[in-house]
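Hello,

Here is the structure I promised to pass on. Please open it first, then read my notes below.

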Amino acid sequence: MSIGHTLLGLLEKGPRHGYDLKKAYDERFGHDRPLHYGQVYTTLSRLLRNGLVEEAGVEAGDGPERKRYAITDAGVTDVEHWLGTPEKPEPYLQNTLYAKVVLALLSGRSADEVLDVQRAAHLKTMRELTKRKAAGDLADQLICDHALFHLEADLRWLELTAARLGQLKTAVTR
Amino acid sequence: MSGDPTTGADGARALLEAVDLHKSFGPTPALDGAGLRVRAGEVVAVMGPSGSGKSTLLHCLAGILTPDRGTVRYRDVELSAMGDGARSELRRTDFGFVFQFGQLVPELSCLENVALPLRLGSVKRKEAESRAREWLERLEVADVADKRPGETSGGQGQRVAVARALVTGPRVVFADEPTGALDSLNGERVMQLLVTAAKETNAAVVLVTHEARVAAYSDREVVVRDGRSREMEPVT
């Protein structure tokens, strides 16, 4: 999952310290794998270097970790581009897709759009596999079937999530 | 203008087109502005959750249901402007249908079932049965020709149904969850045979399905949600 984009998405609600960002990330997306502080600050300095965030004040009596960061216009454009670009269809995408859906809901963007774009990308890959299967030998068929079943599972998750967007929106914007 | 809607120069002209369809059953809206364009020879998957309106859309496209509002045009003729008789005739000559189950006449043999649409179009029995047999062979179920549908397996029965849908040389085949009652292997084979036969005869297929692996046999998909449709752009 792209930590940089996820942090940028979280910053869209307003400027935060690195520590706040880590907490927000861990609460929403880091149940299995919380971020290390090092990752947060390395990522923030990269975002700063690339002009996607800027410093937004330093609190009194602080060390470098008390800096507040704000997303820039270029950062917002970057988040928008990321949300609008489907992930490469492959197994075990749920973390990234979940993060995209939640961030779209948090920022008032269309989560349906995120899901639809991803569905189209998945189906495109499934079509390619289906064609390859039709032309291939049994080994090809079995390999393609394995990938197809995984992609189908993702798509079922996308459908279920689409049906639950209302509930999810209530839960994440509470 | 003499353009044939099936062969527009840019390939973009629709053979069948639904615009802004609204349809309610009592107080419940099933379609709320849905639309769809189908070009000759393309396979379009209509996807969406249960109750989203995808079957209602298919029935409106096929002239089985009349929308409360909106238009369905086939070869530039509006279906709702046709009389019931003309619409029935159109369904028999230009459209083919494959449903999930229950579409074959149980008292007739599989061969007679496939020959039935031709017989209803006044084709002589010998000719109708000869063409029906060819289609059964093409769908790899020639061996069940003399059996009744109840004596065949689910997969065989569905191939017979596909043969019956294609025997008249339809321009559009409407398939509503055609593999819904089949296991994976049989479902795959039915889809392969249906799509191959449709491509060979340049028939368009409107395929309603909630299964992604079935939709993967299409050229593109349309997503229906809450009675509204969205035609997805091909991903580059």
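A crossing of two helices is right-handed if the near helix is turned clockwise from the far one by less than a right angle, and left-handed if anticlockwise. Keep that in mind for the first pair. One caution: this is a predicted model.

Helix 2 of chain A passes helix 3 of chain A in a right-handed crossing. Helix 2 covers residues 18-29 and helix 3 covers residues 37-49. Their axes come within 10 Å and cross at roughly 115°. Helix 2 of chain A brings A:Gly18, A:Leu21 and A:Lys22 to the contact. Helix 3 of chain A answers with A:Tyr37, A:Val40, A:Tyr41 and A:Leu44. By type, that is 5 nonpolar, 1 polar and 1 charged.

Helices 5 and 6
In chain A, the axes of helix 5 (residues 94-106) and helix 6 (residues 111-135) come within 8 Å, crossing at roughly 150°. Helix 5 of chain A is therefore roughly antiparallel to helix 6 of chain A. Residues in the contact include A:Leu97 and A:Val101 from helix 5, and A:Val114 and A:Leu115 from helix 6. The contact divides into 7 nonpolar, 1 polar and 1 charged residues.

Domains
Chain A is assigned domain 1 (3-84) and domain 2 (96-172). Their centres, taken over C-alpha atoms, are 27 Å apart. Domain 1 gives 8 residues to the contact and domain 2 gives 10. On the domain 1 side, helix 1 (3-11), helix 2 and helix 4 (73-84) of chain A each give two or more residues. That side divides into 2 nonpolar, 3 polar and 3 charged.

Best wishes

Methods: Residues are numbered from 1 along each chain as its sequence is written. Chains are lettered from A and ligands numbered from 1 in the order in which they are written. This is a predicted model: local features need pLDDT of at least 70, side-chain atom pairs count only at pLDDT 80 or more; totals for chains, interfaces and linings use all residues. Axes are lines fitted to C-alpha atoms, for helices over the stretch in contact, and angles run from 0 to 180 degrees between N-to-C directions. Helices (H or I, at least four residues) and strands (E, at least two) are DSSP runs, numbered from the N terminus. Angles under 35 degrees count as roughly parallel, over 145 as roughly antiparallel, 65 to 115 as roughly perpendicular and the rest as oblique. Two residues are in contact if their C-beta atoms, placed from the backbone, lie within 7 Å. Ala, Val, Leu, Ile, Met, Phe, Trp, Tyr, Cys and Pro count as nonpolar, Asp, Glu, Lys and Arg as charged, and the others, Gly among them, as polar. Domain bounds come from an automatic or database domain assignment.
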